[in-house]
Each structure stands twice: as structure tokens, then as C-alpha cells.
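This report describes the arrangement of strands, helices and chains in the structure shown below.

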2 protein chains.
Amino acid sequence: MKNPIGIFDSGVGGLTVFHEIKKALPHKDIVYFGDTARVPYGSKSKRTIIQYSLQNMIFLLQQHIELLVVACNTSSAYAIEELKKHSSIPIIGVIEPGAKKALSVSKNRRIGIIGTEGTITSGSYEKALKSLDAQCEIFSKPTPLLVPLVEENWIHHKVTKEIIQEYLHEFLENDIDTIIMGCTHYPVLKKVIQEVVGNSITLVDSAESIALELKKMYSSQPIQKTAGNYTFFVSDNPEKFKILGTQILGEDPKNVKKVFFTDAWVIDDFDV
Amino acid sequence: MKNPIGIFDSGVGGLTVFHEIKKALPHKDIVYFGDTARVPYGSKSKRTIIQYSLQNMIFLLQQHIELLVVACNTSSAYAIEELKKHSSIPIIGVIEPGAKKALSVSKNRRIGIIGTEGTITSGSYEKALKSLDAQCEIFSKPTPLLVPLVEENWIHHKVTKEIIQEYLHEFLENDIDTIIMGCTHYPVLKKVIQEVVGNSITLVDSAESIALELKKMYSSQPIQKTAGNYTFFVSDNPEKFKILGTQILGEDPKNVKKVFFTDAWVIDDFDV
């Protein structure tokens, strides 16, 4: 591995981000970490998410990454500032790229956000959107059952559609024209969400937007001839990660290694 | 606290077990630990569940418990033997009491089990039932969406009923007369599960059965005059634990403390 890009997520969902980065930069080496022993992050406290995110970053720094992508929306919402305090490499979360993309496609500046409890409570997307366009109107809705539905692989199940309808029916009365899918699992449900919200609403996820940003950052580097190498680390269940990963990537993630997680010292000055 | 009983669970669900023990032994002090920073356990590997369960037990041993109740079905299914190797106090899981109770109510010896992926995969209920009655017929079904539905508080939602129907419709063709609710969250859904399966099927949970067993164990002890004291420790989100706990107990669990979790040394000789 040569100066790989690091990506971490609470579990397997971040592979949607990995997939786009791989397409945009096919020659870059990438190291992925999925915290499958402590998934999900969306319902846990800010302090705990900061602690977990720092541990994940420290692990990836040990793999000599030159840039970190925080694929998990909840980590991006809660922990980016703390991560930046503890590292000198560039760190990119999913919030800003998602917000930028939403504003680039929205015509009426009325934007919806769906995500985990943590992501929605943090107000991070609102802050990012408002700082880019103070005039936009924002509507947000926590949709915590969507992650377990994806993990249960009930993607095409009628109950999934009903749950999405239940979550979004009031939401859709707000005349929004764009919805940010604020969780790495949601792109897997894009088709059924689109069916529920109708074709007049554009669904946005951060993965493509991040990939585009990275492509720009690397545009001055000479293009290598060889294809990138990929390593996937997980804190639990490498076999299950391979199965779900194959569904997301359309191919076996192959090089999946189990990590035994232990504590590392970090200065306890979180601003919570 | 005087020689308290210790109870641990992956989160808040074990309060259904706490509740029954408190009713059966109102004078005993009880210390409860809910691992809300790493919940859920049901989808994680055996090795990880053993590691988490040992850490939880070691914490409770530090609170000077004289007996440990493992309220979590997944921990009971995967980790009881390992826990017993590392402690000299009595340890009671939920599997055996649940199996005993099911056999005591079943007339046709055709018993269903619903639970998390881990609990069902482990085959622990089957083993316990077969060792008590080699003639009984057992049908098991993982129902992983039920925990998120309870945590989302969609207890009375029509989608919840549909999901339970979807999980159980084939299951019900097996002429079973008893179903073990093999997860501490499920008693919260007892009413809707009963509606789906009909009144000819008896729903069994381990909480009452464990409480009865403990009552027998303590029958020779002189009854104390004062009411028991209760302390609840959680690894994340004490406020959320109080809210969900109040729903389960019908009263505020009051004395809830946050635990900062760190690693402790344990001999790595798990038989996995």
C-alpha cells in the first residue's frame, strides 16, 4: 500500500462511499475500517461517537493513510472537529459535500434531510446548508428503522415502503424538491424512497460528491498505471461483511481482516 | 448496597427481568448494567459477545454482587459457559428458565422460539429443551427487526403487526402451542404478538421463570424489613435509558449512572 486513502464507517454502509471513490480514483490504494462490533452509531451519544471515531482514526493512521474520509454521517455530524484536533492529515466528512450537492440541484431551496437520530439531532446538515445559502428552508426527519431494514435485507419488501411512507408523508407536505439521504445505508433504498417521494424530488447522497471532491484534490498528481489495492478491516464478523459488501459493491470485497480493538490514550478535552 | 444481585443486558430490555426479580424479592438490593454503548448484541459474533459479557461481569463483580443474572438472551446463548469459568458466584442465564417454563405449559410438545440472529444461530434453546425432553419438536425463527421497532417505540404501530405476521406466518403452520420470546425486548410486544398468533398459543418469557428460581434460592434467607436499593449503570445515554426504562417499569429508574468503559485483562482461551 502506498499512501492510501482511509475511510471509516460504523459498519458496511460506508462501502457506498468507497465504491464512488474507487470509481473516481481507480489507481489510489484505499484502507477501509468498519466498526461492526459497535454498529450502529446513529442512536448513541455525541461523547461516545467522538470516542469511537478517534479510535477508528488512530487505527487508520497506523495504516499510514494520507487522507481520511469519514463515511459515517453520525461521526461526520458529531466528531469531525475533534478528529481534526488530533491529526494533521486532511479529513473529509460527508456533511459538507452532501449539503453542497443538495444546493446545486435544488431549484426552490426547500431541502429535506433524513438520517439517524444522532445526525438529525446534531443539526449539522442545517448548519452546513445555512452557511452556504442563508435563504434555504430545511426540513429534517430522523428515520432510524431504515438501517435495520437494510441490514435485514428487506430492501424490496412492502413493509419497507410502508415504513418510508409513514416517515415521509407529513414531510412531503412542505413542498421540498430535494432530499439528502443522510446515512450511508440509504442509497441502498434509493429506488423505493424515490417511488414513495415521486420523481419531482431529487435524492442526494454524499458519496458521488465526495468522490468528485477527491478527484479535484488529486488532479495534479501523476496518474499511476496500476490499479489500486484495497484492504478492509472490521471489528467483528468479517464473513458477514463480505456477504453484505458483495451486495453493495457487486463484487466480493476479498481482503477483509478482523481487528481486535483495544483502547488508546487520547486527551480528554472533548467540547461536549 | 448489601450483597446485591447483579443483572446485565445489552441495553434497556433486561429491565423486564429486573422488574420480575424486584417483585419476587422486594428486599434484595440489585445492581443493573446495560451496555447501551455497544447495543445490540443480537447481530454480533460469538467471540465479541463473549468478550463484552466478560467485561460486563467483571464490572458487576467490582460492585460486590453475590449472584449474576444474564438477562440478555444472546449473551446467555453464547457466553454463559465462559462466564462460569471466570467467576465463583452463581450465574443464571435466561435460556434454561425459559425452556423449563415452555415445557411446563406446552401440551403438544411443539415449541416455537423467536429471537435475535445470535440466539437462534447458537441453538441454545433447542439444546436446553431437548435435554429436558428429548421428544419435543422445536421450530425457531430469527426476528431481528423487533428490537429496533421497540427502541423506535412503534409498539402499537400497524407496521409492527405486519412485520410480526411476515415473520411468523409460515412458522404458525407447524401446529405449535407455545412460543418462547427469546429476547428481553419482546415482552414489550407481547400483546401484538398474541394478536398475530391467536389465543391458542401461549407466549413464554424467561423473566418470571428466573424470578421464581431466585425466590426458591433465597427462601431460606431471613426476610429483611427494608425495601431493596437499586442502581443502574449504563455505558451510554443515561437520559435515554431513563425514558425507555420508565416505559418498561412504569416508574423512573432514578439512580442511573454512566460508566466509562475500559479494557481489563482476561485469559484468551475462549472455546470458539
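**The sheet of chain B**

In chain B, strands β1 (residues 5–9) and β2 (residues 30–34) pair in the parallel sense over 5 bridges. Strands pair if DSSP finds at least two bridges between them; strands (E, at least two residues) and helices (H or I, at least four) are DSSP runs, numbered from the N terminus. B:Asp9 has B:Gly34 as its bridge partner in β2(B). Helix α1 (residues 15–24) of chain B packs on the sheet and touches β1, β2 and β3 (67–70) of chain B. The direction of α1 makes about 175° with that of β2(B).

The open sheet has 6 strands in the order β4-β3-β1-β2-β9-β10 (chain B), with parallel pairing. At its edges lie β4 (91–92) and β10 (256–258) of chain B, each of which pairs on one side only.

**Model and numbering**

This is a predicted model, in which local features need pLDDT of at least 70 and side-chain atom pairs count only at pLDDT 80 or more, while totals for chains, interfaces and linings use all residues. Residues are numbered from 1 along each chain as its sequence is written, and chains are lettered from A and ligands numbered from 1 in the order in which they are written.

**Two packed helices in chain A**

Helix α8 (residues 158–168) of chain A packs against helix α9 (residues 190–197) of chain A at an angle of about 50°, with the axes 10 Å apart. Axes are lines fitted to C-alpha atoms, for helices over the stretch in contact, and angles run from 0 to 180 degrees between N-to-C directions. α8(A) and α9(A) are therefore oblique to each other (under 35 degrees is roughly parallel, over 145 roughly antiparallel, 65 to 115 roughly perpendicular, and the rest oblique).

From α8(A), A:Thr160, A:Lys161, A:Ile164, A:Gln165 and A:Leu168 meet A:Val192, A:Ile193, A:Glu195, A:Val196 and A:Val197 of α9(A); contact requires C-beta atoms, placed from the backbone, to lie within 7 Å. These residues divide into 6 nonpolar, 2 polar and 2 charged (Ala, Val, Leu, Ile, Met, Phe, Trp, Tyr, Cys and Pro count as nonpolar, Asp, Glu, Lys and Arg as charged, and the others, Gly among them, as polar).

**The two chains**

Chain A superposes on chain B by a rotation of 180° with 0.0 Å of shift along its axis (RMSD 0.0 Å). The superposition is by least squares on the C-alpha atoms of residues with pLDDT of at least 70 in both copies. The two copies are thus related as by a two-fold rotation axis. In chain A, the C-alpha nearest the axis belongs to A:Arg38, 2.4 Å from it.

The contact takes 17 residues from chain A and 17 residues from chain B. On the side of chain A that touches chain B, α8(A) gives the largest share, 4 residues.

Methods. Two residues are in contact if their C-beta atoms, placed from the backbone, lie within 7 Å.
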